[in-house]
Amino acid sequence: MATSERLEIQAMARDFAATELRPRASEWDERRALDAEVFAKLADLGFLGMLVPEEFGGLGFDFATYVAVLEELAWGDASVALSVAVHNGPVATLLVRHASETQKRRWLPALAAGEALGAFALSEPGAGSDPTGLSTKARRNGVGWRIDGEKRWVTNGARAGLVVLFAGTGEGAVGAFLVTPDTKGYRVGKREQTLGLRASETVSVELHGVAVGADAVVGDEREGLHYAMEALDVARVGTAAQAVGIGRAAMEHAATYALGREQFGQPIARFGAIQEKLARMAERLAAGRALTLDAAAAVGSTGDGAAHLRTGLDGVTARAAIAMLSASDAATASADEAVQVFGGYGYMRHYPVEKLLRDAKGTEIYGGTSEIMRHVIARELLRDMGDQGV
């Protein structure tokens, strides 16, 4: 996509965020709920089909354009951006790369039109950062499968029309299944009460004898873990973009406040200590954005997944982890410094920066903690050095 076209789309996303998201963000945070109409508006703009090919009713954006839009949405409200990122990123991308033609024609147009919101159910109570330890099992049941288990931290899980769900299929293998929440035995559990991203509906899901047909399996029934790892790379690039948007919002609020707040007869923006904070925010966020665009280019270059580079610092996995680590660090640091710039007002709930600090912290956790990102990066570095045992 040409840079001029990307900038036009980004400007449209920024306008939507400024007029439709920011004015409602505080209320949504307080109510712990997003209005259903926001998803209809996102669908009208095509933002629920950003990574869906045009032949299936989507916009077919490249990943650089996708992350630019996510940054703007997160600048407006991080909870909305998170829901959009899960729906577009790991869910739609996994279907585009690995679903059958029938599955694509059934689900991709519905996802793009907002008729079905996508959810991604991988994590479990005992398998958060280690998806190889899944206890959810899928057992053959005649011509189909019976799924039993529990999933945790499922974003969009209460509102979803389609869930990409991962379960063990025997002998250490994992399969990816397409499940609709209205299936008998699928039960949405408790809504999580989170520090930030409070309006995002993150829930647990219980699976009691959920029966699905053979046509619910995505790709190879034994390759689900590979699909999940690919999807996590996409998700982490999306998280990095969200982090940049949150951090940028904090930086801009801090700069605006510093220009208007006077102490000792002059705006505090004239003080060297404040300028140092603002400059540090800008530096970190610029680095986070650059690394996010680098990772987006890597993800976009993998096509149908056949060329997906899983090892080495030049690989998609390492570049996605580096981008997420850098951007989430920058977001949390920027929001923290913004609270300091606001002083006592920054600690008050009716000023915007305390919410941004809570939201930024989430980007250091979901999709893999910062500690896990460092582990992934170190593992890929050691593989580059010839150690294949990590």
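Residues are numbered from 1 along each chain as its sequence is written, and because the model is predicted, local features need pLDDT of at least 70, while side-chain atom pairs count only at pLDDT 80 or more. Totals for chains, interfaces and linings use all residues, and side-chain values use heavy atoms, with hydrogens and water left out.

**Aromatic pairs**

Start with the rings of Phe, Tyr and Trp (its six-membered ring), which pair if their centres lie within 6.5 Å, with planes under 30 degrees apart called stacked, over 60 edge-to-face and the rest tilted. By this rule there are seven aromatic pairs. Select Trp-145 and Phe-177, whose rings pair edge-to-face at 5.5 Å centre to centre with 70° between the planes. Trp-145 sits in strand β3 (residues 144–155) and Phe-177 in strand β5 (residues 173–179), so that the pair links distant parts of the chain, 32 residues apart; the strands (E, at least two residues) and the helices (H or I, at least four) are DSSP runs, numbered from the N terminus. Both Trp-145 and Phe-177 are buried, where buried means under 20% relative accessible area, exposed over 50% and partly exposed in between (1.4 Å probe, protein chains only).

Next select Tyr-257 and Phe-342, a stacked pair with 4.2 Å centre to centre and 15° between the planes. Tyr-257 lies in helix α6 (residues 224–260) and Phe-342 in helix α8 (residues 316–342), so this pair ties together parts that are 85 residues apart in sequence. Tyr-257 is buried, with a relative accessible area of 15%, and Phe-342 is buried too, at 6% relative accessibility.

**Charges over rings**

Now show Arg-106 and Trp-107: Arg-106 lies over the face of Trp-107, at 3.9 Å from the ring centre. The criterion is that NZ of Lys or CZ of Arg is within 6 Å of the ring centre and within 35 degrees of the ring normal. Arg-152 likewise lies over the face of Trp-153, at 5.0 Å from the ring centre.

Return to α8, which has 27 residues and reaches 39 Å from its first C-alpha to its last, close to the 39 Å expected at 1.5 Å a residue; the expected span is 1.5 Å times one less than the number of residues. Of the 27 residues of α8, 20 are buried, so this helix is largely enclosed by the rest of the structure. Gly-343 follows α8 and has a positive phi, near 65°.

Helix α6 has 37 residues and reaches 54 Å from first C-alpha to last, close to the 54 Å expected, and it is mostly covered, with 27 of its 37 residues buried. Within α6, pick out Arg-248, which is buried with a relative accessible area of 9%. The C-alpha atoms of Arg-248 and Ala-74 are separated by 9.3 Å, although these residues are 174 apart along the chain.

**The second largest pocket**

To find the second largest pocket, select Arg-22, Ala-25, Ser-26, Pro-352 and Lys-355, which lie nearest its centre among the 22 lining residues. On a 1 Å grid over the protein atoms alone, a pocket is an open set of points where a 1.4 Å probe fits, with protein on both sides within 12 Å along at least five of seven lines, and lining residues have an atom within 4 Å of a point. The elements giving two or more residues to this lining are α1 (3–31), α3 (63–76), α6 and α9 (352–362), and α9 supplies the largest share, six residues.

**Loops**

Arg-32 has a positive phi near 60°, in a residue other than glycine, and it is placed in the loop between α1 and α2 (36–45). Glu-171, also not a glycine, has a positive phi of about 55°; Glu-171 lies in the loop between β4 (162–170) and β5 and is exposed, with a relative accessible area of 77%. Gly-161, in the loop between β3 and β4, is partly exposed at 23%. Gly-161 and Asp-182 are 8.4 Å apart in space, C-alpha to C-alpha, and 21 residues apart in sequence.
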